[in-house]
Amino acid sequence: MPSRSFSLSAVVLGLVCAACALSGPSSREQKLFDLVNKEREKAGLQKLVWDPQLGEAARVHTQLMAGKEELSHQFSKEPTLERRAGSAGAKFDAVAENVATAPSVQDVHRALMESEHHRDNILDPNYNAVGMSIVEEGKQLWVTQDFARVITVRSDAQIGDEVVAAVGRLRQSHGLGHVEIRQDARLKRQACAQDPDAGKVKNDYTSASELVIFTTTDPRKLPDTMKSAALSKTVRRMDMGVCFEGGATSGFSKYWVVAAFYGGAN
């Protein structure tokens with residue numbers, strides 16, 4: 001029986017050519033993608049979607065591994081995982097990677113599932129997307145799986161509308177009335193400053209009863225500080241600014257929200 005060579009490596013983190021042509025999975029990659037989703041389905045998890053940007057980042061890295069015949073998450077002078085994925089165009093707030101080499105797709109998948117850290121990446125409910133690459137070199141397949149919780153990039157106005165809707169639902173669920181909500185250009189500038197100084201902003205809005213600054217990738221889920229301010233029985237108005245931070249040096253992305261409440265405290 002011929003010998004079989006297996007090797008694995010995994011990394012979790014907590015910029016490839018953005019103009020490169022992005023393509024769908026090859027037949028082998030599709031097979032591995034399907035195997036991963038079958039495992040997630042068996043575990044009662046949401047299936048991953050194929051992300052072409054993650055796939056491009058994985059492809060470039062896999063070609064390096066196959067050329068060097070060495071497993072690694074980062075070769076000398078190669079960008080980090082988050083920079084590779086971000087440069088390919090992916091926007092996310094969590095990213096992880098599995099790399100492996102084995103003679104067949106089934107062998108790769110079996111070895112990954114038998115390894116705790118690789119299995120954890122495959123079955124992590126936090127991720128919603130993946131890109132994979134398989135390169136054959138000799139009798140071995142070289143594989144990269146890049147997982148991420150990908151953010152759907154929307155306009156600042158759309159995110160603002162979703163925050164407004166979330167505040168409205170929250171107040172309605174507590175039997176509270178309508179609050180006037182306005183978009184404020186100055187607050188938007190504060191949001192676009194990224195990581196604004198809350199004390200300094202508060203000094204510019206001395207008439208506000210409450211000031212809330214937070215980041216989000218899902219505006220439907222308000223932080224406790226925002227919930228508390230929005231549920232004030234005496235609040236009558238909320239001014240707000242929203243700005244997207246797209247990750248200038250990596251794919252890590254989020255929305256900044258700055259909200260000023262007027263009308264008094266409970």
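Me: Where is Lys-77 placed?
Reply: Lys-77 is in the loop between helix 2 and helix 3. Keep in mind that this is a predicted model.
Me: Is Lys-77 buried or exposed?
Reply: Lys-77 is exposed, because its relative accessible area is 85% and the cut-off for exposed is over 50%.
Me: What about the phi of Lys-77?
Reply: Phi of Lys-77 is near 70 degrees. That is a positive value in a residue other than glycine.
Me: Why point that out?
Reply: Because most residues other than glycine have a negative phi.
Me: Which loop holds Glu-69?
Reply: Glu-69 is in the loop between helix 2 (52-68) and helix 3 (81-87). Glu-69 also has a positive phi, about 55 degrees, although it is not a glycine.
Me: And is Glu-69 buried or exposed?
Reply: Exposed. Glu-69 has a relative accessible area of 55%.
Me: New topic. How many disulfides does the count come to?
Reply: The count comes to one disulfide. It joins Cys-192 to Cys-243, with 2.1 Å from S to S.
Me: What hand does the link of Cys-192 and Cys-243 have?
Reply: The link is right-handed, with 100 degrees about the S-S bond.
Me: Is Cys-243 buried or exposed?
Reply: Cys-243 is buried, because its relative accessibility is 9% and buried means under 20%. Cys-192 is partly exposed, at 33% relative accessibility.
Me: On to rings. How many aromatic pairs are there?
Reply: The count comes to four aromatic pairs. One of them is Phe-244 with Tyr-255. Their ring centres are 4.9 Å apart.
Me: Why is the pair of Phe-244 and Tyr-255 called tilted?
Reply: Because their planes are at 50 degrees. Planes under 30 degrees apart count as stacked, over 60 as edge-to-face and the rest as tilted.
Me: Which strands do Phe-244 and Tyr-255 come from?
Reply: Phe-244 is in strand 8 and Tyr-255 is in strand 9 (residues 254-262). The two are 11 residues apart, and the pair links distant parts of the chain.
Me: Is Tyr-255 buried or exposed?
Reply: Tyr-255 is buried, with a relative accessible area of 0%. Phe-244 is partly exposed, at 22%.
Me: Which ring does the charged end of Lys-68 sit over?
Reply: The ring of Phe-75. The charged end of Lys-68 is 5.4 Å from the centre of that ring.
Me: And what does Arg-237 lie over?
Reply: Arg-237 lies over the face of Tyr-262, at 4.1 Å from the ring centre.
Me: Pockets next. How much space lies in the largest pocket?
Reply: About 310 Å³.
Me: How many residues line the largest pocket?
Reply: The lining has 13 residues. Arg-149, Val-150, Thr-217, Asp-218 and Arg-220 lie nearest the centre of the pocket.
Me: Last topic, residues separated along the chain. What separates the C-alpha atoms of Ala-58 and Val-143?
Reply: The C-alpha atoms are 8.3 Å apart, while 85 residues separate the two along the chain. Ala-58 is in helix 2. At 0% relative accessibility, Ala-58 is buried.
Me: Where is Pro-52 found?
Reply: Pro-52 is in helix 2. Pro-52 is partly exposed, at 30% relative accessible area. Its C-alpha is 8.8 Å from that of Ala-88, 36 residues away along the chain.
Me: And where is Ala-100?
Reply: Ala-100 is in strand 3 (residues 92-102). Ala-100 is buried, with a relative accessible area of 1%. From C-alpha to C-alpha, Ala-100 and Leu-112 are 7.7 Å apart, and 12 residues apart in sequence.
Me: One more. Which helix holds Arg-110?
Reply: Arg-110 is in helix 4 (residues 105-113). Its relative accessible area is 42%, so Arg-110 is partly exposed.

Conventions:
Residues numbered from 1 in each chain as written. Predicted model: local features only at pLDDT ≥ 70, side-chain atom pairs only at ≥ 80, totals over all residues. Heavy atoms only, no water. Disulfide = S-S within 2.5 Å. Buried < 20%, exposed > 50% of the residue type's maximum accessible area, 1.4 Å probe, protein only. Phe/Tyr/Trp six-rings, centres within 6.5 Å; stacked < 30°, edge-to-face > 60°. Helix = DSSP H or I, 4+ residues; strand = E, 2+ residues; numbered from the N terminus. Lys NZ or Arg CZ within 6 Å of the ring centre and 35° of its normal. 1 Å grid on protein atoms, 1.4 Å probe; cavity = no way out; pocket = protein on both sides within 12 Å on 5 of 7 lines; lining within 4 Å. Points joined across faces, edges and corners; volume = space filled by probe spheres on them.
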